[in-house]
Every structure is written in structure tokens, then in C-alpha cells.
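Dear colleague,

A short account of the findings follows it.

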Amino acid sequence: MRRAAKHFGLAGRPPRSWWLLAPLFAGLAVVTVVVGAARSSGLLGEMGAHALSAAVVVAVVVALVWRNERLLQRLALSRTFLEQAQEAAHVGSWVSGLGDGDAIEWSRETYRLFGVPDGEPITVRRFFGLVHPGDRERVQAASAAAIDTGAPYDLVHRIVRDDGSVRVIHERATVVRNDRGVPLRMVGTSVDVTESARIEERDRFLASASAELAQALGYGDTLQTVARLAVPRVADGCVLHLRADASHAPTVLAVGRGGARGNGDGDGPPPDAGRSTSVELRARGRVIGVMSLTRDHAPPFDAFARLLVRDFADRAALAIDNARLFRQEQESVRARDEFLAVASHELRTPITPLKLQVEGLVRLLERQQSHEVSMDRLASGLEVIHRSTERMHDLVEALLCASEIADGLLELDRTEVDLRQLARTVVARMRTLAEASGCSIELVASDDAVGSWDATRLERVIHALVSNAIKYGAGHPIEVAVIGGDPTRLTVRDHGAGVPAGEHERIFQRFQRGNALGGFGVGLWMAREVVSAHGGHVAVERCDDGGAAFVVELPNHSSAAASAAAGACT
Amino acid sequence: VSTAQRSVLIVDDDVDFRETLEALLADEGYGVIATGDPREALDMLRDVAPVCLVLVDLVMPVMNGEELVRAIRGEPRWRDLPIYVLSAWPQSQAHVDGAQGYLEKPVRFETLLSVLDRWCRADAWPDASCTGAPARDV
């Protein structure tokens, strides 16, 4: 260091230049003149003149030495203040030669910033060795440009300390030149901006993450975007665990290195300290999942990084929640459109024979004298018209019932109802339709099936279940059974393909239709809602010999007897 | 009304619709055979009276209208047999290859008659054999 200081003429102590001795020479000159005058005037003898001269010289020298020491003390104090100020501000200063092998003079704070032991000789080559390999070329280019063209040397770059830690340094410097413009050295400052750089990087990352997440509307796209943002910018591995909701199954998405380990659920010992972190994904006050991140190569998660993960997780949760809502909305719109198409189809079906019959009869009457039209022809035509209007009436009733339920307006009109009679009426009305589909219907009813229920709505329930049996059990017999007691049980058994085990709940949801064989897709949903409103429940059983049995159980407190247990499939 | 000796084959699982068309077309002097089972319709084509036009619904159990049209077209002798789809589904939502036309329910009777008039008049089938087909303008 002392050698370098000598090189730049900037050692720790100031140089002792000739002008510092000027007062001594001036004092000697004054003493010589005064003593010479005194001797000439006879005021002093020769000895006295010598003694006086010596005394004056000694006094001047002592004064000079004292003054010089004062200066040095003040200079040392200033240096100390400077070092303390640099330390407080994390600003180091330096003076650098221009060649690779030239020395660099660092201030104490610069040594600290670079993580190099104070006093270690530093060369330009050593400095570039400390610059992060990813930034080295850029720093060398900036340095060369400053020396060659006078461009400002003002840049932020990373350094890798000898202990492996990475810091971000902001350097500013100027090139000192001689009178002819020849560059002599660079003088500059270094500031550790690691923390502010992390904050800036965090803000940039979160802003871009928000922007990217806002672009992703699809659920899958959003999860992929979250994972892509997390790896590698936040972590080396990421696992997203999303809970199920009304329209989404549980989802797990793992990306990156070591993405599957350390989910922080508390099972087993934690992985390396700081190498993993887990945060809840919260949206609208609910936990919708967990994001687990791992770092294998990146530095461990410190407090700053955990806060960043928390902020990122909040944005990710919001985006995922929005994507889920968007998908639900899309599904609702799709279901509504499908329902409208189905409703249109279902209403057109009975309208067609109705309309054709009316057109045909009018045409017949116009063409012939009315008395020539046979009564049989008229009767058969009117019969079709009647059946068609009944079917339309049923459909409209189903729609209205579904609409009431959807609007939360279902109010039961309880009267004393004989469920056997109700079932008998519905079966009789649907027999023609059933037979047209190759289904025979058998009704088995026990005594004591009278209860306080809503007759109209239960009729719709039986209609929906029999209609369902005809659709999905075409060509096979259907059995309807009513067993009295509490609860009173109604079973509609078909011998179709049956309902797969995984579908037992789904088929009772609104707008669910099996094989698109007619109906609005609201029958079973409506049945469950109506039965639930009565305090009962309806479920489907898969029968071993094929087909399905839909079982309705209605509480019947007026019945003294408990209902006999009977298998739904028997 | 001068009609051919050929019948209109109606394939629709809606009993009321079948009964209606049977009555109305009989009023107009057309022969009608009808079934709700597409498999039976294939048997009818093979074994019963010659057919001038097939009216087929789309949504039916066991075999749907699209499959029936494919099965008919699979027989070389029925390659040119006129087939019209008659469905309550809008044509824009249905994809049926091999049919000459598509009529949406509820169809106007006049529209239906114009189709029958075109394919089932006596002079539309000069050759009484089952393999012959009327001149097509579509």
C-alpha cells in the first residue's frame, strides 16, 4: 500500500515539500538582517549576536515543528472523519492505475465493501477478478471507454466476494489526465447498493408478475404463469397445491429443480434451513392452496426473500382465484346456452305434431266439405293435439318449477296427499310414452302412504324420475314402488345401463344430461330440491343386475309405523 | 294428387309426430311407413315397400339419425336414396353428412309437402325398380 501511495503521491502522511520550510528561511533571513544591523550598530558583541541568532533559529524551528504536528494531527483527524463517513454511507473511494498490473489505492471502506482484508495490495487485475463474471465484460468496456473517450464511468455491477457472497456496487469515477490530455489514473467511489438493488428488483419483479398474471385468464394458463414466474426468478423449484372448489378438482403443479420437496406441511424433518419456504395462497379471505418454493442453487431464503415470496403469493392467489371465477363464469354461460338450446329443442318437439295436426286438419276442412271429414280422423288429430299440449304443459311446469327453485322461491303447499294415488296418476299418464320407448311400467304400492306433502311438486318429482327411467332404460321394464311408513319411500327402478359410481352426485346437479336424449337436464336436480324442501332426501343406487334405482324418502310423522326396510334394487 | 307407388319412410322416436305425419300424408294420398327404431327402419328399407324419401330424426335411442344415414349410405343400392333430416335441433348445431336436406321442427306442412312433391310424385320415379333414383337438382 505504501508503495502504491508513493506511486500516486498520495501516502497516508502529506509530502514535506520545500514550501513548508519557507517560514524557516524567512525567519533566518530576518534574524540575519537584524543581527547584522545590531552588530553594525555596536548593540551586540559577536558572541551575543551568535547566541541571539541561535536562539531565534531554535525558536523558529520549534514553532515550525509544533505547527507541523498540529497540521498532521488535523489531517489524521480529517482522515478518520472521512473513513467514518464512508463507513456510515457505505461509500468507498479509490484511485486506480490504468494497466492490468497497476495498483489501486482503496479506502478502508472500499476494502470492506469488496470483502478484502484491509491493506491487501490491490491491482486492476485483482479488481476485475472480483467483478461478477456476468458483469465483467461490461465493467471492462466501461472502464476502457472512460479512459479512451472520456465517457462517464458510472455503472452498477455485481461483485463476488471471496466468501462467495454477491453484492451490488455502484461505481462512479473520473479519469485524471495531464496537460496534454494523457490519462494518468482513475479516481472514483464505490457504493454498496445491494439492498436498494434488491428492492428495485423486487418491485420490478412484482410489477411484471402482476402484469403477466393479469394477462392469463385461463385456469391452467394462470397456474403455469405462476410457476414460470416463480422459477427461476424466485426459486429453483415450485409446487402449487390448489384445493378443490365447486368446479375445480384439487390440483398439484410442480416445476423446476427439487420442486417436490419441502412443502412445509410439517411431515418429516425440514430440509436444509432456508432452502425452502411455504406460503398459503389466500383469496377473498379463504385459503385456496399452498405455494412451496425451494432453492438448491440460489442463496437461501432470507427475511427479504420470504417477504418477496409472500407478496408474490398474494398476487398469485388473486390471479388464480380470478381464473377460477372466470372459468366458473364461462361454465355458467355455457350451461345457460346449452340449456336454452335444449329447452328450445324440447319445446319444439311437442309443438311440431301440434302445429302439423292443426295445419293438416285446416287443410282437410278447406279442401272437403266438413261433413266429409271422418270423425275418426278428427278424433285422432285432436288426441295428438291434446297430448302435445299436455307435453308442452309439463315442460313449462318443469321450467317454472326449476325457475322457482333457482330463485329461492320454492314454497310448499302441504295438503294430505296419498303418494300411492299420486304415483298411480303419473304412471298412467306416462304409460303411453313409456311403451313407445319399449318400457312396461309396473306399480307396486303398500298401504299407509298418506302424508302432508305438496302434491303438485311431488307429482313433478315422480314424473321426473319415471321420465328419467324411460330415457335411460328404454326397451326395459320399469318398476315404481311406494312403501308407507316413516319415512315413506318411493322407488323408481329401471334396467338400463345404470349410473356409474362416480356420477351419483353429479347427476343431481342442474343442467346435467346423460346422453342428450331429451329433457332440460333439470329433472333430477328439481327432484332433489323438492324432496329436500320436504325434509327428505333422494339418492341413486346402482343395482347388481344392471340399471338404477332412485329412492325418495319423505318424512311422514303422521304415520305410526316405521317404514319396512327393503332393498331399492329388489 | 298423383303419387308414386313408393312410400315415405318416417324414422322418429316421437310417437305423436309419427302418428301425425302418417295421418296427414295419408290425407294427401302418400303411402307412409313409420318406425321409432332406426334398426327397424333398415329392415323396412330391405323388406317392405319401395321408398321414395326417408325422413329421419336425429336424437333417438339405440341408434341416432346420423348413424342411420351412414348405415343407409353404406348400402350401394341406397346410395342415392333421398334422405331428409327432420329435427328440432337447429341445422347450425347438427352435423349430418349424406342427407339431401335438413328441415327444422316445427316444420310447416306446406314445406314438407313441397319436399314430398319433389321426390315422391309418380313422374319422379319413372323406373319402378328399387335401385333407380329420381333426377336430382341439388
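Let me begin inside chain A. Glu109(A) and Arg112(A) both belong to helix α4 of chain A (residues 108–114), where they stand three residues apart, about one turn of the helix. Helices here are DSSP runs of H or I with at least four residues, and strands are runs of E with at least two, numbered from the N terminus. Glu109(A) and Arg112(A) form a salt bridge, with 2.7 Å between the closest N and O atoms; the term requires a side-chain nitrogen of Lys or Arg within 4 Å of a carboxyl oxygen of Asp or Glu. Over all chains, the structure holds 46 salt bridges.

Some notes on reading these values: this is a predicted model, in which local features need pLDDT of at least 70 and side-chain atom pairs count only at pLDDT 80 or more, while totals for chains, interfaces and linings use all residues. Residues are numbered from 1 along each chain as its sequence is written, chains are lettered from A and ligands numbered from 1 in the order in which they are written, and side-chain values use heavy atoms, leaving out hydrogens and water.

I turn now to the interface. Chain A contributes 25 residues to the contact and chain B 26 residues, contact meaning heavy atoms within 4.5 Å. Between them the two chains bury about 2,300 Å², of which 57% is on carbon and sulfur atoms; buried area is the accessible area (1.4 Å probe) lost by two parts on being put together, summed over both. Of the area that chain A buries against chain B, 25% comes from His345(A), Arg348(A) and Leu356(A), more than from any other three residues.

Nine salt bridges cross the interface of chain A and chain B. One of the salt bridges joins the side chains of Arg367(A) and Glu28(B), at 3.0 Å from N to O. On the side of chain A that touches chain B, α9 (303–367) and α10 (375–406) each supply at least two residues. The most come from α9(A), with 16 residues.

Finally, α9(A) packs against helix α4 of chain B (residues 109–120) at an angle of about 75°, their axes 9 Å apart. Axes are lines fitted to C-alpha atoms, for helices over the stretch in contact, with angles from 0 to 180 degrees between N-to-C directions. The two helices, α9(A) and α4(B), are therefore roughly perpendicular (65 to 115 degrees). In this packing, Leu356(A), Glu359(A), Gly360(A) and Arg363(A) of α9(A) meet Phe109(B), Glu110(B) and Leu113(B) of α4(B).

With kind regards

Note on methods
Parallel < 35°, antiparallel > 145°, perpendicular 65-115°, else oblique.
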